[in-house]
Amino acid sequence: MLFTKDLKGVRGLADKGCVSTLAHTTMTAARPVDSGLSGPGELDRYPYAEGPVGERAVGPSWEGGGSEAGRVGRRTAGNRGRGLHGQLVQQLGQMIVSGDLGADRPLVPEEIGQRFEVSRTVVRESLRVLEAKGLVSARPNVGTRVRPVSDWNLLDPDIIEWRAFGPQRDDQRRELFELRWTIEPLAARLAAGHDREEAQQRLTDMTDIMSRALAQGDALTFGRADAEFHSLLLQLGGNRMLEHLAGIVSSALQVSGGPATGCDRPTESSVGHHVRIVEAVGAGDAAGAESAMRQLLTIHPDVEHVVPAPREH
């Protein structure tokens, strides 16, 4: 069966082997506060049959995916320290995002409760959270069904994390690079015309750290300074919507295993590209800052499949 029998036994990636502590902390902090409690009149949105177990309606078969359920369970991130409600959200969310529960698949609350040995309240709260993320919909006379990918909130931190551990991992990395190609050159342009002295100083601090880390062979420090550089650039342009995207993009890149920089590993070339961005920002050269950022992004192998390299004029 696709569902594991006991949520209490689900093991998560507590050590976050491929997710940095910084990224996980940022992702967790970015999640909206949700009490998980249903509002007035909402408890009946995910109804249970009221008869004895033997008389209850039988839901769709979940057979044929037992091994897959074990894989999803082991992959579940952040289960430790969560209650049954949080664990059920994680498990169902990952099964939906991985495709184990396909679009328009009916979800029978009663069956979920039986499979996971959780109360109807836990099931209802979990489905409510998944509905808020766009993963499921609940309608009278139709029941609860899985929604297509086009309806998902793809910028939701949980969905970003679940996609990072599923078959959509490569698609998400590509989509993130496309997003960066759209917003980071604009952020560099805006930073060149907004509080240039402060922007130049803060960005210079990061490039100095990157240079020292490169000389010392310290890839970890290099990567952290690099991620901070790109995050700062999105924050320094005076556009609050871009600033909001900074945390999402940075966290998503780290969770997805993609580098925050334009290169796979520390190089003098990468540092040089960053320095040119800082120089253009400090000089108030908006077009130069935008061009330098595009050049930085195009040195990453994944980006060349997204956009062509800039022309030389």
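**Close-up views of a predicted model**

**View 1. The largest nonpolar core and its most connected members.** Of the 25 residues in the largest nonpolar core of this predicted model, L203, F229, L233, I277 and M293 touch the most other members; such a core is a set of buried Ala, Val, Leu, Ile, Met, Phe, Trp, Tyr and Cys residues joined through side-chain atoms within 4.5 Å. The elements contributing two or more residues to this core are α7 (169-191), α8, α9 (219-235), α11 (268-282) and α12 (286-298), where helices (H or I, at least four residues) and strands (E, at least two) are DSSP runs numbered from the N terminus. A second, separate core holds 22 residues, among them L88, V129, L130 and L135. Residues are numbered from 1 along each chain as its sequence is written. Because the model is predicted, local features need pLDDT of at least 70 and side-chain atom pairs count only at pLDDT 80 or more, whereas totals for chains, interfaces and linings use all residues, and side-chain values use heavy atoms, with hydrogens and water left out.

View 2. Not counting residues up to four places away in sequence, L203 touches F229, L232, L233, L236 and V278, contact being defined as heavy atoms within 4.5 Å. T207 is found in helix α8 (residues 196-216), and T207 counts as buried because its relative accessibility is 4%; buried means under 20% relative accessible area, exposed over 50%, and partly exposed in between (1.4 Å probe, protein chains only). With neighbours within four places in sequence left aside, T207 is in contact with F229, H274, V275 and V278.

View 3. Two bridges join β1 to the antiparallel strand β3 (residues 143-146), and R145 in β3 is the bridge partner of P106.

**View 4. Two loop residues with positive phi.** Most residues other than glycine have a negative phi. D104, although not a glycine, has a positive phi of about 70°, and D104 lies in the loop between α3 (84-97) and β1. E117, which is not a glycine either, has a positive phi of about 55° and is placed in the loop between α4 (109-116) and α5.

Notes: Pairing = 2+ DSSP bridges.
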